[in-house]
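Biologist: Please take me through the architecture of this chain, and then through the setting of one residue.

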Amino acid sequence: PRWMTREAELRRQLQTLLNAPSVDDIALVKNTSEAISFVATGLDWRDGDNIVSSDEEFPSNRIPWEALKPRGVEFRETRLTGAEDPVQALFDRVDRRTRLIAVSSVQYASGLRLDLRRIGEYCEAHGLLFLVDAIQSLGALQMDVQDCRADFVMADGHKWLLAPEGLGVFYVSERGRERVGPTQYGWHMVEKSGDYDNRDW
């Protein structure tokens, strides 16, 4: 019971840190890769769909998308170096089959910070999902998931949050939860998780 209380406290703290509308928007995960993989494997992809991203992403925000290729999903890397307007360069790769834009809040190698609010507004206006890998900034720079209109934000805690390796945060908007199905199952996900004899999960 003490562990469950501490977990609930941490989720409330992370809700505040991210300015999430509800504690129900916050999950604890083992790392950024796991959270991105939940999105990549949980969406109902169709042959011909695509994801738009940048060519500067850390492998955590590239490999889960590339792994969808056998299902007919294209990962579109946008060249940001030398682009007069990197955000517009992302938008230029979007077409009618784009389902999601996935970028980092801060690029791990170059330090580039994209205008997340502008991307989020674009995604909202065009019916796209918006994912932000925030590991390089969360705890050092403000992250407001409502302001940037992100559907998914994730970060491992071992960088600016000064947490141990193996504990991360995964924010999912209400709209995102409606679109991403579960890919793992366990006893904590049922309404009566303490009633082990209940067969109707």
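Biologist: How many helices and strands does the protein chain have, and in what order do the elements run?

Modeller: This is a predicted model. From the N terminus on, the order is α-β-α-β-α-β-α-β-α-β-β-β-α. The protein chain has six helices and seven strands.

Biologist: Why does the protein chain count as being as compact as a globular protein of that length?

Modeller: For 201 residues the globule rule gives 17 Å. The chain is as compact as a globular protein of that length because its radius of gyration is close to this value, at 17 Å.

Biologist: What share of the contacts with a separation of 6 or more comes from residues 24 or more positions apart?

Modeller: Of the 201 residues, 43% count as buried. Among contacts with a separation of 6 or more, residues 24 or more positions apart account for 62%.

Biologist: How far apart are the mean positions of the positive and negative charges?

Modeller: The protein chain carries 25 positive and 33 negative charges. Their mean positions are separated by 2 Å.

Biologist: Where is Q107 placed, and is Q107 buried or exposed?

Modeller: Q107 lies in the loop between strand 4 (98–104) and helix 5 (116–126). Buried means under 20% relative accessible area. Q107 has 1% relative accessibility, so the residue counts as buried.

Notes
Residues numbered from 1 in each chain as written. Predicted model: local features only at pLDDT ≥ 70, side-chain atom pairs only at ≥ 80, totals over all residues. Heavy atoms only, no water. Helix = DSSP H or I, 4+ residues; strand = E, 2+ residues; numbered from the N terminus. Rg over C-alpha atoms; globule rule 2.2 N^0.38 Å. Buried < 20%, exposed > 50% of the residue type's maximum accessible area, 1.4 Å probe, protein only. Contact = heavy atoms within 4.5 Å. Lys, Arg positive; Asp, Glu negative; His and termini not counted. Charge placed at Lys NZ, Arg CZ, Asp CG, Glu CD.
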